[in-house]
Amino acid sequence: YMAKEAGRGRARLFEPVYAQAVDERLDLGRHLRRAVEAGALEAHYQPQVDLRTGRVTGFEALLRWTHPERGPISPAEFIPIAESSGLIVDLGLWVLREACRQGRAWLDAGLPPRFVSVNVSPAQIWSVDFDTAVAAVLAETGFPSRLLCLELTESLFVDHTEQRISRTLMALSGLGVRLALDDFGSGYSSLGYLTRLPFDWLKVDRAFVDGISTTAEKRKLLGGIIALSHGLGMTVVAEGAELPAEVVVLGSLDCALVQGFVFSPPLAADEAPLVAASIEREAFRMQPKRNRL
Ligand code: C2E
Ligand code: MG
Ligand code: MG
Ligand code: MG
C-alpha cells in the first residue's frame, strides 16, 4: 500500500517537472538560434602549455553564450541542445571560421605561430562534405592548416563503421590539420581505435588528472596512458590541471602539453596573447629553480 502510494505520488510529480524541462529546452533552443543569428556568441581561448619549453603552443577555442536574462550559460548545457536541434552544424561552422580568423589575426599582429583547436561535434563531421567546408574556411581566412587542430570525442564512434570513420578522418588529416581525441577515458574508449585511426593528439580527460598529486594509483594509470600514447606516436594533452603539484607530476610523467586553470581559464580573444606572454615569462623565471617549466 505504501509503495503504491509513493509510486503514484512520484508519477504525479514527475510529469509537470518533465514538461517544464522540455519547455525550457525549447525556449533555450529558440534563444540560441537567435543568438547565433545576432552574433551574440563568443569564442574564448584557453592556453595550452608545453611543459618542456614553458611556451604556450596553442589555444583551445571554447564557445561562450551570455543569455539576456539568464546570464552566462555553459556550453555543457547549450551544445547538447544545439546538437539535438541540428543547429550545431551552423554553430560549429561559425566557431571554426571565427577561430581561424582570430588565429590569422594573431599571426598578422606578429605573434608567434600557435595552434588553434576547435571542438567538432559528430553531427558536423557526418554532415555532407565537412572536409570541404574546413578547406574552404582555411582558404577564406588564410589560417595555415598545420596550425589548426580539430577536437573530436569518442561519441564519434557511435553508429558508424570504423571504415567510414577512418575514411572521414583520413580526408581531414589530408588537409594538413591535426586531429585530437578529446575527453579520452571519459567514455567507452577502445584502445583499438587509437592504433588504427589517425589521431595526432590525445586529450586525457580531467578525471585522470584529478588526484594525481595525492594518489599513487592515479599517477600510475596516467603514466601508463601517456607511455601508450607515446608508443603510438601521439602527443598527450592533460586537461583540467588545477594545482601546481599536478603540473609537477605531469612533467615527471613526460606529459607534453597541459591545459587547465592552473595556467589560465579560457580568455577573451584580446586578453589571450597577453596572458600567454605572462605564462611564458613566469615559466622562464622558474627555470633555474626547476628543470621543467
Ligand atoms: P572540452 O572540449 O573538453 O573543453 C574543456 C572544458 O574544460 C572547458 O569547459 C574548459 O573551460 C574546462 N576546463 C579547462 N581547464 C579546467 C580546469 O582546470 N578545471 C575545470 N574544472 N575545468 C576546466 P567549457 O568551456 O565549459 O566547455 C565544456 C564542453 O563544451 C567542452 O569540453 C566541449 O565538449 C563543449 N564545447 C565548448 N565549445 C564548443 C564548440 O565550439 N563546439 C562544440 N562542438 N563543443 C564545444
Ligand atoms: Mg575540447
Ligand atoms: Mg575535453
Ligand atoms: Mg567535453
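Is glutamate 239 buried or exposed? Glutamate 239 is buried, with a relative accessible area of 13%. The model is predicted.

**The magnesium ion (ligand 2)**

- Its protein donors are Glu60 (OE), Asn119 (OD1), Glu151 (OE) and Asp182 (OD).
- Glutamate 60 sits in strand β2 (residues 56–67), and glutamate 151 sits in strand β5 (residues 148–153), so the pair ties together parts that are 91 residues apart in sequence.
- Glutamate 60 and glutamate 151 are both buried.

**The magnesium ion (ligand 3)**

- Asp182 (OD), Asp183 (OD), Glu239 (OE) and Glu239 (OE) coordinate this ion, at 2.0 to 2.4 Å.
- The donor residues are spaced D-D-x55-E in sequence.
- Aspartate 182 belongs to strand β6 (residues 178–184), and glutamate 239 belongs to strand β8 (residues 235–239). The pair therefore ties together parts that are 57 residues apart in sequence.

**The link between the two ions**

- The magnesium ion (ligand 2) and the magnesium ion (ligand 3) lie 4.1 Å apart.
- Aspartate 182 bridges them; this residue coordinates both ions.
- Aspartate 182 counts as buried because its relative accessibility is 4%, and buried means under 20%.

**Helix α11**

- Helix α11 spans residues 272–286 and has 15 residues.
- From its first C-alpha to its last, α11 reaches 21 Å. That is close to the 21 Å expected at 1.5 Å a residue.
- The buried residues of α11 are Ala272, Pro273, Ala276, Ile279, Glu280, Ala283 and Met286. They cover an arc of only 145° around the axis, which puts them on the same side of α11.
- An α-helix has 3.6 residues a turn, so residues three or four places apart point the same way.
- Leu274, Arg281 and Phe284 are exposed, on the other side of α11.
- The cover over the buried residues of α11 includes β1 (41–50), β2 and α3 (88–108).

**Glutamate 280 in α11**

- Glutamate 280 lies in helix α11.
- Its relative accessible area is 16%. Glutamate 280 is therefore buried, as the cut-off for buried is under 20%.
- The side chain of glutamate 280 makes a polar contact of 3.2 Å with the side chain of arginine 55.
- The side chains of glutamate 280 and arginine 114 are also joined by a polar contact, of 3.2 Å.
- Leaving out residues up to four places away in sequence, glutamate 280 touches Gly54, Arg55, Val56 and Arg114.

**Valine 89 in α3**

- Valine 89 is found in helix α3, which is among the elements covering the buried residues of α11.
- Valine 89 is partly exposed because its relative accessible area is 33%, a value between the cut-offs of 20% and 50%.
- Its contacts are Ala123, Gln124 and Ser127, with neighbours within four places in sequence left aside.
- Valine 89 and glutamate 162 are 73 residues apart in sequence. In space they are 22 Å apart, C-alpha to C-alpha.

Definitions and conventions:
Residues are numbered from 1 along each chain as its sequence is written. Chains are lettered from A and ligands numbered from 1 in the order in which they are written. This is a predicted model: local features need pLDDT of at least 70, side-chain atom pairs count only at pLDDT 80 or more; totals for chains, interfaces and linings use all residues. Side-chain values use heavy atoms; hydrogens and water are left out. Donors are N, O and S atoms within 2.8 Å of the metal (3.2 Å for Na, K and Ca); water is not among the atoms, so sites may look incomplete. Helices (H or I, at least four residues) and strands (E, at least two) are DSSP runs, numbered from the N terminus. Buried means under 20% relative accessible area, exposed over 50%, partly exposed in between (1.4 Å probe, protein chains only). A polar contact is a pair of N or O atoms within 3.5 Å; within protein, one must be able to donate a hydrogen and the other to accept it, and residues adjacent in sequence count only if both atoms are side-chain atoms. Contact means heavy atoms within 4.5 Å. The expected span of a helix is 1.5 Å times one less than its number of residues. The arc is that of the directions from the helix axis to the C-beta atoms.
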